[in-house]
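Student: I would like to learn how to read a structure of this kind, one feature at a time. May we begin with the model itself on display?

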Amino acid sequence: MNDDLLTVTDLTAGYGHTKVLRGISLRVGAAEAIGLLGPNGHGKTTLLRCVSNLHRATSGSVAYAGSDTRGRSPRDLVRRGLIHVPQGSRLFPQLTVAEALRLSAASSGHLATWRDGLDHVFTVFPRLKERRGQLTGTLSGGERQMVSLGMGLMARPTLLILDEPTLGLSPKVKHELSECILRIRAEVSSIILVDGDMELVLSLTDRYHVVLHGDIVHSGASDATVGRDAMMSLFLGGSADERR
Ligand SMILES: Nc1ncnc2c1ncn2[C@@H]1O[C@H](COP(=O)(O)OP(=O)(O)OP(=O)(O)O)[C@@H](O)[C@H]1O
C-alpha cells in the first residue's frame with residue numbers, strides 16, 4: 001500500500017516550445033520534509049507550480065493525499081491542505097499583519113477558527129505578534145517573509161511548499177527564519193523546501209533531490225555528510241580542482 005502524501009510521476013512541463021521538466025518523479029511521505037537543490041533556472045519553481053496546479057504539466061501525474069490532482073483547482077487543493085508559499089510572494093501593503101493573516105484563514109476556509117490560527121502563528125513567529133497592527137507594506141524583508149509563511153500556516157497545511165523563503169535576507173534574519181521553519185516542521189505534516197542556501201535546506205529536511213536541466217540527477221538523505229565540493233560538481237560539472 002502506498003502511504004505517501006504526494007507522488008509525482010514522470011512529470012514533464014514547459015512554456016510554449018521550451019521544455020523545462022523532463023520526466024521528474026518524486027514522493028513525499030507523511031511527516032517528511034524534502035529539499036530541492038539546484039542552480040537557478042533549472043525547473044524547481046516550475047515543478048512546485050505543477051504540484052499545486054498553478055502551472056499545467058504536459059504529461060505525467062501528481063497524486064496528493066491518495067487522489068490525482070488533475071482537474072482540481074489550486075483553490076480546491078488549498079482547502080485540502082496543499083499550501084504553496086511562492087517565491088517573493090506579494091502582500092497587500094495596506095493590510096495590517098493581523099488582517100493579512102485573517103484574510104488567509106478566510107480564503108482557505110478557516111475563518112471560523114482564525115483566532116486559534118493567529119495564536120498559533122504568533123507562537124511560531126513571536127516577532128509578528130509585536131507587529132500585528134503594522135501595515136505589511138512597512139515591514140522589513142524578513143518580516144514580510146514571516147507574514148507569507150504565517151499566511152501559509154493560517155491555511156492549516158498538510159503539505160507546505162516553500163519556494164525560496166530566505167531569498168535576499170541577511171544571514172542573521174535567515175537564521176531567525178530558519179528557526180521558525182524548524183518550529184513549523186514540528187507541527188506541519190510534510191514540507192517541500194526550495195532555497196538557494198544548500199546548508200539551510202539540508203539542515204531543515206530529511207531528504208534532498210538535486211534538480212538539473214529539469215531532471216533529478218542526485219538524491220540523498222539530508223543528514224548524510226554531503227560534501228559541498230561534491231554538490232558543486234553536480235551543479236557545475238567537473239571536479240573542484242578543475243574549477244579552481
Ligand atoms: N512564465 C514563464 N514563461 C516562460 N518561461 C518561464 C516562465 N517561468 C519560468 N520560465 C523558464 O523556465 C525555466 C525554469 O524556471 P524555474 O523558475 O522553474 O527554475 P528554478 O530552478 O526555480 O530557478 P530559480 O531558482 O531561479 O527560481 C527558466 O529557464 C525560466 O526562464
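Student: Which polar backbone atom is 2.7 Å from an oxygen atom of the ligand?

Tutor: It belongs to Thr45: a polar backbone atom of this residue is 2.7 Å from a ligand oxygen. Please bear in mind throughout that the model is predicted.

Student: Which side chains place a polar atom by an oxygen atom of the ligand, and at what distances?

Tutor: A polar side-chain atom of Lys44 lies 2.8 Å from a ligand oxygen. For Gln87, the distance from a polar side-chain atom to an oxygen atom of the ligand is 3.3 Å. As for cover, the ligand on its own has 630 Å² of accessible area, and the protein covers 58% of that.

Student: Which residues surround the ligand?

Tutor: The surrounding residues are Tyr15, Val20, Pro39, Asn40, Gly41, His42, Gly43, Lys44, Thr45, Thr46, Gln87 and Glu164. Sorted by class, this shell has seven polar, three nonpolar and two charged residues. Helix H1, which spans residues 44-51, supplies the largest share of the shell, with three residues.

Student: How many disulfides does the structure hold?

Tutor: In general, a disulfide is a covalent bond between the sulfur atoms of two cysteines. This structure holds zero disulfides.

Student: Are Cys50 and Cys180 buried or exposed?

Tutor: A residue counts as buried under 20% relative accessible area. Cys50 is buried because its relative accessibility is 3%. Cys180 also has a relative accessible area of 3%, and so is buried.

Student: Where is His84 found, and with which side chain does it make a polar contact?

Tutor: His84 is found in strand E6, residues 82-85. Its side chain makes a polar contact of 2.6 Å with the side chain of Ser52. His84 has a relative accessible area of 16% and therefore counts as buried.

Student: Why do Val124 and Trp114 count as buried?

Tutor: The same cut-off of under 20% applies. Val124 is buried because its relative accessible area is 1%, and Trp114 is buried because its value is 13%. Val124 lies in helix H4, residues 114-124, and Trp114 is also found in helix H4.

Student: What separates the C-alpha atoms of Val124 and Leu182, and those of Trp114 and Val210?

Tutor: Val124 and Leu182 are 58 residues apart along the chain, and their C-alpha atoms are separated by 9.3 Å. Trp114 and Val210 are 96 residues apart along the chain, with a C-alpha separation of 37 Å.

Student: Which residues have a positive phi although they are not glycine?

Tutor: The general idea is that most residues other than glycine have a negative phi. In this structure, Asp10 has a positive phi of about 50 degrees, and phi of His213 is near 50 degrees. Asp10 lies in strand E1, residues 4-15, whereas His213 is in the loop between strand E9 (207-212) and strand E10 (215-221). Asp10 is partly exposed because its relative accessible area is 46%; His213, at 55%, is exposed.

Note on methods:
Residues numbered from 1 in each chain as written. Predicted model: local features only at pLDDT ≥ 70, side-chain atom pairs only at ≥ 80, totals over all residues. Heavy atoms only, no water. Near = heavy atom within 4 Å. Polar contact = N/O pair within 3.5 Å; in protein donor to acceptor, adjacent residues only side chain to side chain. Areas by Shrake-Rupley, 256 points an atom, 1.4 Å probe, with all protein chains shown as cover. Helix = DSSP H or I, 4+ residues; strand = E, 2+ residues; numbered from the N terminus. Nonpolar A, V, L, I, M, F, W, Y, C, P; charged D, E, K, R; others polar. Disulfide = S-S within 2.5 Å. Buried < 20%, exposed > 50% of the residue type's maximum accessible area, 1.4 Å probe, protein only.
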